[in-house]
Amino acid sequence: MRSHAEHAAVVAELMLPLLEDLALRAPELIPIDDGALSGRVAAHDIAAALALPPFDNSQMDGYAVRTADFTGAPPFVLTVGPTAAAGDPPFMCPPGAACPVMTGAAVPFGADAVIPIEQADPPQFGRLHRPTGTPLPLAPPEETVAFAGAPSAGAFVREQGSDHRPGAPLLRAGTRLRPTSIGLLASAGVSTVPVRLRPRVLLLSTGDEVTAPGEPLGPGRIYDANAPMLAAALREAGADVTTRRVADHPEALRACIEAAGTHDLLVTSGGISAGAFEVVRDAFGGDSDAARSTGDISFTGIAMQPGGPQGAGSIVVDGRRLVTLCFPGNPVSSAISAELFLLPLLRAYAGAPAHGERSTAVLAHDADSPEHKHQVRRGRFLDDGTVALTPPSSHLLADLARAELLAHIPIGVAHLEAGSPIEIQRFDV
């Protein structure tokens, strides 16, 4: 029987080559304005020839001046020159002039500082002359403006390239695209972004008893929680997911996979325990010729509660091997199996933290655990900062949905007293 760490290593050995191959394939190109871009991952380094900002611009509404004009004793009186508004092409600031400049406007050539309007006398703009052509002569010396002090060179000027130098990477390969990084790319004129391909997952929820939510519920049947729950978790981790529900018939299971099209990963829930009608095990882990020709999956128990039954390997579909992970059917077991073994790998590929923050907390009450198993309990934080655990049963989906954390009780520990330290990880799936 494997430990949960050993099984995680088996899953990683299967998944990492697949994810590395996906990262090397020709990327998907997504327009910068497409809402689907957020959360995707840059396929390679993205650079731009454009400097950011692309020109010297003003940080304030004020006057663009030449610091060389500030000689002698204050006050310093300059002639009001042409006005620079945002979007105007830059022009030459004549010697001895103070050119009104608005926030974000190009600083006129020759000017090397901006004085905020609040520091001018008068502290508001008068009649403005906004040039419309070139060459641009100095406006008639009808107005002047005075300043009590001399500015330092570069004051309130956003220098060209001060945010980003031309040719330097805007984003590195593997960076998750957030709204701010999308804004950075857009500011550099990037219109289309190459992103890594998403893993394509075929998710099969098995069992004669499972019924799609919304359909009539017959005797002895239950609504299927696993397909919607696992699909949501997989999508949140960056995968494209196709879901199917399959009855307990091996031939139907194989036919469903063959008819589903091309995928990178097969995930199943249910049908892998020691019962008489274990459809996944019968289809891919038995001694039949069909099982041997289509499946190379190891079904094993692992020393973990919940989630003891597990399967991992690959099957052949249309001549290509399809990585396959098989989770137990109880909803809590299935969700925790995904959280411990698969989702961290997908999140890392998608540029996200692999798992919730891990730390040590104080247990609010006594807790018992099977000594020969690694027990994973759900829990919540109490007002005093301690953690309270819910029962370990694998059908308690309501407890799982309310959980804020997973608590780990290692193999060899049968009992923990209230006040004991316990390893936890944040959990919001």
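1. The largest cavity is lined by Gly 39, Arg 40, Val 41, Arg 196, Leu 197, Arg 198, Gly 238, Tyr 349 and Ala 350. Its volume is about 80 Å³, and two cavities of 30 Å³ or more turn up in a search of the whole structure. By class, the lining of the largest cavity holds four nonpolar, two polar and three charged residues; Ala, Val, Leu, Ile, Met, Phe, Trp, Tyr, Cys and Pro count as nonpolar, Asp, Glu, Lys and Arg as charged, and the others, Gly among them, as polar. The search uses a 1 Å grid over the protein atoms alone: a cavity is a set of points where a 1.4 Å probe fits but cannot get out, a pocket is an open set with protein on both sides within 12 Å along at least five of seven lines, and lining residues have an atom within 4 Å of a point. Grid points are joined across faces, edges and corners, and a volume is the space filled by probe spheres set on the points.

2. The model is predicted, so local features need pLDDT of at least 70 and side-chain atom pairs count only at pLDDT 80 or more, while totals for chains, interfaces and linings use all residues. Residues are numbered from 1 along each chain as its sequence is written, and side-chain values use heavy atoms, with hydrogens and water left out.

3. The largest pocket contains about 480 Å³ of space. Of the 31 residues that line this pocket, Glu 209, Gly 270, Pro 328, Gly 329 and Asn 330 lie nearest its centre. Two or more lining residues come from each of β13 (200–206), β15 (222–223), β19 (304–305) and α7 (331–349). Helices (H or I, at least four residues) and strands (E, at least two) are DSSP runs, numbered from the N terminus. The pocket lining divides into eleven nonpolar, 15 polar and five charged residues.

4. The largest nonpolar core has 40 residues, and those with the most contacts inside it are Met 15, Leu 234, Leu 265, Leu 325, Leu 342 and Leu 346. Elements giving two or more residues to this core are α1 (4–24), β13, α3 (226–236), β17 (265–269), β21 (320–327) and α7. Helix α7 supplies the largest share of this core, eleven residues. Such a core is a set of buried Ala, Val, Leu, Ile, Met, Phe, Trp, Tyr and Cys residues joined through side-chain atoms within 4.5 Å. Buried means under 20% relative accessible area, exposed over 50%, and partly exposed in between (1.4 Å probe, protein chains only).

5. Two strands pair if DSSP finds at least two bridges between them. Strands β4 and β7 are antiparallel and share four bridges, with Tyr 63 opposite Ile 115 in β7.

6. Within that sheet, strand β6 (residues 97–101) has five of its five residues buried. Ala 97, Cys 99 and Val 101 are buried on one side, and Ala 98 and Pro 100 on the other. In a regular strand the side chains alternate between the two faces of the sheet. Strand β4 (residues 62–65) runs antiparallel to β6 and is joined to it by three bridges; Ala 64 has Cys 99 as its bridge partner. Strand β5 (residues 76–80) pairs with β6 in the parallel sense over two bridges, and Val 80 is partnered by Ala 98.

7. The disulfide count is zero, a disulfide being a pair of cysteine sulfur atoms within 2.5 Å. The sulfur of Cys 93 has its closest cysteine sulfur 3.3 Å away, in Cys 99, which is too far for a bond. Cys 93 is buried, at 0% relative accessible area. For Cys 256 the closest cysteine sulfur is in Cys 326 at 14 Å, again too far for a bond; Cys 256 is also buried, at 16%.

8. Two loop residues remain. Ala 148 sits in the loop between β9 (144–147) and β10 (157–158) and is exposed, with a relative accessible area of 67%. Its C-alpha is separated by 85 Å from that of Ala 255, 107 residues apart along the chain. Asp 163 lies in the loop between β10 and β11 (169–171) and is exposed at 59%. Asp 163 and Leu 325 are 162 residues apart in sequence, and their C-alpha atoms are 46 Å apart in space.
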